[in-house]
Structure formats: structure tokens, C-alpha cells
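Open the model in your viewer and keep the selection panel at hand. Here is a short tour, one selection at a time.

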Amino acid sequence: MRFVFKRSYDDDIKLFKHRPQFIYYLLLLILLIALPWLIDDFFLGEATNVLIWAIAGMGLMVLTGFTGQVSLGHAAFMALGCYLNVILMQNGVPFIISLPLAAILTGFAGAIIALPVLRLHGIYLAIATLAISILTEDIIVIAKNWTGGVMGLVAEPIEIFGLDIDRYGTPVLFYFVVLFIVLFVLMVVRNLTRAPLGRAFTAIRDSEVSAQALGVNVTKTKATSFAISCAIVGLAGGLLGHYAGAFNHETFNLVFSIQLLLMIVIGGLGSIHGAFFGAIIVGFLPQLIAITRGSISSIFNLGSLPLPGIESAAFAFILIVFILFEPRGIYGLWIKIRTYFELFPFYRKNMFKRQKTYLKTERMK
Amino acid sequence: MSLLTLENVTLSFGGLKAVNNVSFHVGKGETFAIVGPNGAGKSTVFNLISRIYNPDCGDIKFANKSILGLRPDQIPFLGIARTFQNIELFEQSTVLQNLLVGRQRHRKSNLITEMFFAPSVRDEERRHRQVVEEVIEFLELQAYRDKFIAGLPYGVRKIVELARALATEPQVLLLDEPASGLSLEETNDMIFWIEDIKKQMGITVLMVEHDMNLVSSVSDRVLALADGKELAIGTPEQVQNHPAVIEAYIGTGKRIVS
């Protein structure tokens, strides 16, 4: 058991609740930095993929997890970030400027789209953002002068301070670029959650009426959330472009949007951890399936086993299991396990049982 | 000097006049209660002041300035805070975080400084926390500071809502049924706190309440509403003994001959 005694207001402001927690995260960081020397290039590539998914997950988490606005259109903003970055690079802008610029432009695009779209609630918002996702696919095909249409584009190798960074040529360097951006995004998102803006986000998620009554400009705050979310997702998109090498309209299709949303649901809505847990599942699932399939077919001597759609099926199965048994996702599960050990003999089975919710004020609009 | 004034305010929902030509003023430092049977338009008056509804005619003034041009989220910036009849707390947050949201109107940091958590943001957070801690101490919420709202009993939630409104450092506090659902003891605590809010903090209180015990012990003046119309206005005794009020609550005693 651990007791944290708070001695000053800073104990609630600082990033780590207690020293051991800081050490755990430090060890995790050291592990991530040492990763290229621990695993081979193939798995390092997979780890890079997971990190890119985690950035996108954090982006969507800001909007869906913290502000409570569902978006099924975030693949569109990933596409925007990706195309903007590559187009800027083709026009001679160095990567170090083109990626942040692409992200900022994606954020602005998000804010402009958010203002009309975020007037909608719940399922209507989901439908509207779904439309954005579908529309984007078509727009990419139509605007083939810039986007290369169905042929797509090829991301040029990155050059930073004279270093050539390429996903296949120098996977270690590419991994570090991605890791750096992960840490940056993590810092931004974590800082926002402990600042007034982050509190305004969760206030809107839990009760728009009272957020408004306390001075939160709901429209503006939602649009800000959407913009931040889109900018982060745009970063992820830009990196994904370099990771994939070549991409076209099908890279960022509707399924991608849905997968992104399901990822954070499985990971655990409303927590930064959830984005990472979800990314690990999404990133490693195809490999896990490939490995299992290989071993199963070799045990039973089945030869190469064609199982189209097995990935989606496995993903759907995991999602159903989580919705049924652990709606708060992997992070919720982790919290339970941790609490069990922290309170060791005193953990009760229904400690995390959902409490009764009291009647909410009738929606006044 | 009157701080909050309603002048001939009318609001109808379709054919129903929820608030019909209501006028009253609340003086600075006064405790003013609105009473009336269900559906009298009490909460609607609150929602009019919060700018959730727009009156059909009439004017609402705060410190002699009309507030009808403002958005609902600008009202707290004037120094008007409110609570809700059916508690509207942020369920997934702790009590402390809920109260800190009450500091939104004093937020000076912007997106960029908050993204990097600049030293100015940290200083500001400490100041917010200090105000919030004073409120926590005042309402004796220390034991619940880090508890999530989702696990709190009803009575405590009611107090957290009051605390959150106080954390905005308001000039006027609108309390929508502060004692509904509270036990006798909790109601007595509420009476004590409302008196303290008025006397120690000098906050003007406007409340809607059914509990006549609470109303008569804390309020200076009372407005009785029925069917959106003003029945009586005056001291608690005057209103309680007003024939129209008695009629609205318990009838006239005349038999209805069919």
C-alpha cells in the first residue's frame, strides 16, 4: 500500500504523483530509447508504427476522450496532414518546417470545419464527421494535380541537419524522429489536461449546461479541441506518409477512421494511457495474427492458410469483449489491477462498479 | 441600490406563458427568494437570467446594464453564478477539479502558455487553488477533495455545486432549490451557510426554494409566483399570509359545484 501525503498545491499540479511513478516512467523512456538495440529492424519498424498510431490516438483522445465529441472523420485530417507535408516537401520546404506547418494548417482546417459541424451532438456529429471522411477520399481523387489522384504520392526521404532519414534505409533514425514527436505531443496533451483549458474540455464532456454557466464558451472551446485534435492527427498523418513511403486515397479510408476511434475505445476513453494501449493492440495485432497463423498452420500442416478479413474479425472480437466486460478499456483494467495491489488486502470486487447517476437537468435547448 | 432588475419580463413557450409580466429587483447584499407551486415559472426566471432563454419582451438588468445582449457563457463574467435544480456536476472529475472549473472566468492564460505549462500558468493555478481551498474550508468539503463526483452521496453533491458556484467569486448567487432532496439536518446546514454567504462574503443571493422553513429563515424578501404571474412580494411573513398565496397553495376552501 502507498499513501501519498500532499504538502503543497504543487503536489496536485506536478506531472508525477510520487517519486516511484516518476522512476517507472523514466525506466519506460530508457527502454524506448534503448529499443533499437534490443530488437531487429523489422520489429523496430512495427514499434515505429505503434508510436505513430499512438500520436493519432492522442489526437483523437483530445476530442473524443476529453471533450466527448465523437469523430469518425479523423482519417481525413490524417490524410490532410500527410498530403500537406509531402506537397510542401516537394516544393522544397525542409521536413523540419513542413511537418509542423502541415500540422498547424490541418489544425486550422479542423477549426474551420468544426464551427458548423460541432453544433451537432452525439450520433449526428458522428454522421457529419463520417461524411467528411468519405468526402476526403473523393476530393483526393479529384484533386489529382496536387495529390496524384489514384496513383498517390511518394514521400521523399527526410533530411534533418544533413542526416538522411529513411524508413527502410535508416530505421533507427526514423524511430527516434517519431519518438521525439511522441514525447512532444505527450507533453502538450498532458499539460493541457492539468491546465484550465483541459478542465474546460472535460467540463463540456460531462455537462455542457453547467460548463456554460461557469463561463466556458462552449462553441469556441469545442472548436479549439477539434483544432488541437486535428493538428496532432495531422502530425501523425505526416509521419505515416513517411512510414508507408507511398500512399493514395485508399490509405486514409473510412475504415481507417473507424479503426482510430475503436483503438481509443479499446485503450480506454478519457486517458492518455488509453491512446498508447490502443495503439499497441492496433499496431501489433496484424503481426500477432500472422505469427499465430504461421504456427497454427505449421502445427496442423495446413500449408499457407488464406483467411481474408481475419484482422478485422479479431479486432471486432476484442472490441466486443471490451465493451461487454470492461467498458473503460485496457486502461480501466490496468487501474483495477493497480488498485488491487495498492490496497492489497482491502480491494473489494465492486469498487469500480458504476454508481447510480442522478437525474440531469432537462436539456434546455 | 438594486443589483439585478427584471422589468416586465414575459416568456412564452407556444401558447403557455411560463413567465408573465414579472418585475422585481434584488438589492445588493439582499437574500431574495422566489417561491411558488410546481410549474410556476421559478426555474424559468433563473434560466432567463442565465440567458439560456430569451424573453419575449421586458428587460433584465445587472448593475443598471441590460444583459440581454450577452451569451450565456458571458453571464458568469459579470459575477453571476448559479446552481442547478438537478445537480449538474462533472461526474468524471474530482471535487477539486469541479471547483477549479469554477475559476474559468478568472483564467488569464492562453492556449500556447498552457500547452507548455509556462511558469505563469503554474502561478495562476496556485492562485486558483488557493481560492478553491478557501471555499472547501468554508463548506467543510476537505474529506471529499479528491473524491470523484460519481461516488458521492446526493447531499454532498448539492454542497459541491454550491462550492463550485462560490469558486467563481460571484457578486450574485442564483440557487435553484438548494435544499431539495436534503435531510432536515442538511437543510439546517444549508441555512447556516446561506446566512454566512450573505453576511461574511457579502454575496447577494437569489434563490428558488420550496422549503418555507429555509425561505423564512434566510430571506429578506420573497416573491411568490403562480402560473408565471406575480402573486405577492414582500417579507416572508407578508407573503406567507397573503390570501392569493394561500389560495395558490391550498385552494380557496370554496366547494366546486359541478
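**Stop 1: the chain contact**

Keep in mind that this model is predicted. Select chain A and chain B together. Here 32 residues of chain A are in contact with 39 residues of chain B. Now stay on the chain A side. The elements giving two or more residues to this side are α8 (171-193), α9 (196-206), α10 (208-213) and α11 (218-244) of chain A. Which of them gives the largest share? Select α9(A): 7 residues of the side come from this helix. Colour the chain A side by class. You get 17 nonpolar, 12 polar and 3 charged residues.

**Stop 2: a helix pair in chain A**

Move on to α12 (residues 254-267) and α13 (residues 272-299) of chain A. Their axes come within 7 Å and cross at roughly 120 degrees. The crossing of α12(A) and α13(A) is right-handed. To see the contact from α12(A), select A:Q259, A:M263, A:I264, A:I266 and A:G267. From α13(A), select A:G274, A:A275, A:F276, A:F277, A:G278, A:A279, A:I281 and A:V282. What is the class make-up of this contact? The residues divide into 9 nonpolar, 4 polar and no charged.

**Stop 3: the largest nonpolar core**

Next, select A:I55 and B:A163. The largest nonpolar core has 164 residues, and these two touch the most other members. Helix α3 (residues 41-66) of chain A gives the most to this core, with 14 residues. Chain B takes part through both of its assigned domains: domain 1 (1-79 + 170-258) and domain 2 (91-164) each supply at least three residues. Zoom in on B:A163. Leaving out residues up to four places away in sequence, B:A163 touches B:L99, B:V135, B:I136, B:L139 and B:L141.

**Stop 4: two domains of chain B**

Now colour chain B by its domain assignment: domain 1 is 1-79 + 170-258, and domain 2 is 91-164. How far apart are the C-alpha centres of the two domains? They lie 28 Å apart. Contact involves 8 residues of domain 1 of chain B and 6 residues of domain 2 of chain B. On the domain 1 side, select α2 (75-78) and α7 (184-199) of chain B, the elements that give two or more residues to that side. By class, the domain 1 side has 5 nonpolar, 2 polar and 1 charged residues.

Note on methods. Residues numbered from 1 in each chain as written. Chains lettered and ligands numbered in written order. Predicted model: local features only at pLDDT ≥ 70, side-chain atom pairs only at ≥ 80, totals over all residues. Domains from an automatic or database assignment. Contact = placed C-beta atoms within 7 Å. Helix = DSSP H or I, 4+ residues; strand = E, 2+ residues; numbered from the N terminus. Nonpolar A, V, L, I, M, F, W, Y, C, P; charged D, E, K, R; others polar. Core = buried A, V, L, I, M, F, W, Y, C linked by C-beta atoms within 7 Å. Buried ≥ 20, exposed ≤ 12 C-beta atoms within 10 Å, placed from the backbone. Axes fitted to C-alpha atoms, helices over the stretch in contact; angles between N-to-C directions. Left-handed = near helix turned anticlockwise from the far one by under 90°.
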